[in-house]
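Look at the model below and turn it slowly before reading on. The text starts with a pocket and then goes to the sheet and its loops.

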Amino acid sequence: MIKIWGQSVGATGTCRHYHSELDVVALQCAGCQRYYACYQCHDELENHVFQPASTSAGKPVLCGACQTLLTYEEYQLGVCPACQHPFNPGCALHHDRYFQ
């Protein structure tokens with residue numbers, strides 16, 4: 001099982017900042033390579049700011065519902081291709097924080 005880092009992380013990767021049933025995505029910081037529930041959790045717990053992953057980099061997304069690692073393209077489908085759990089469409093507002 002891949003650890004999802006953050007503040008008050010729930011079983012599916014929710015955190016104290018984002019905790020709806022759709023907030024099941026953990027994103028990988030390009031700097032420390034850890035999967036975090038959100039950039040705010042990362043920045044509160046690490047000694048560096050969240051560094052966005054390249055959209056062509058490996059599998060920078062983790063589905064907290066089923067623990068499947070996803071490519072950027074798979075994440076963009078809006079649902080996990082492995083378990084069909086929907087992702088929060090509001091995360092698009094933070095795209096530039098997570099991907100470059």
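By class, the residues that line the largest pocket are 7 nonpolar, 4 polar and no charged ones. Here Ala, Val, Leu, Ile, Met, Phe, Trp, Tyr, Cys and Pro count as nonpolar, Asp, Glu, Lys and Arg as charged, and the others, Gly among them, as polar. The model is a predicted one, in which local features need pLDDT of at least 70 and side-chain atom pairs count only at pLDDT 80 or more, while totals for chains, interfaces and linings use all residues. Residues are numbered from 1 along each chain as its sequence is written, and side-chain values use heavy atoms, with hydrogens and water left out.

The lining of this pocket includes Tyr75, Phe87, Pro89, Cys91 and His95. A pocket is an open set of points on a 1 Å grid over the protein atoms alone, where a 1.4 Å probe fits, with protein on both sides within 12 Å along at least five of seven lines; lining residues have an atom within 4 Å of a point. The volume of the largest pocket is about 180 Å³, taken as the space filled by probe spheres set on the points, which are joined across faces, edges and corners.

Now for the sheet. It is open, with 5 strands in the order β1-β3-β2-β4-β5 and mixed pairing. The edge strands, β1 (4-5) and β5 (69-70), each pair on one side only. Strands (E, at least two residues) and helices (H or I, at least four) are DSSP runs numbered from the N terminus, and two strands pair if DSSP finds at least two bridges between them.

Strand β2 (residues 25-28) pairs with β3 (residues 35-36) in the antiparallel sense over 2 bridges. Leu27 has Tyr36 as its bridge partner in β3, and Gln28 stands opposite Tyr35. With β4 (residues 61-63), β2 pairs in the antiparallel sense over 3 bridges; there, the partner of Ala26 is Leu62.

Which way do the residues of β2 point? Val25 and Leu27 point one way, Ala26 and Gln28 the other way, and all are buried. Buried means under 20% relative accessible area, exposed over 50%, and partly exposed in between (1.4 Å probe, protein chains only). In a regular strand, side chains alternate between the two faces of the sheet.

The hairpin of β2 and β3 has 6 residues between the strands. One of them, Gln33, has a positive phi near 70° though it is not a glycine. Gln33 counts as partly exposed because its relative accessibility is 44%. Gln84 also has a positive phi near 70°, and is found in the loop between α2 (72-75) and α3 (95-98).
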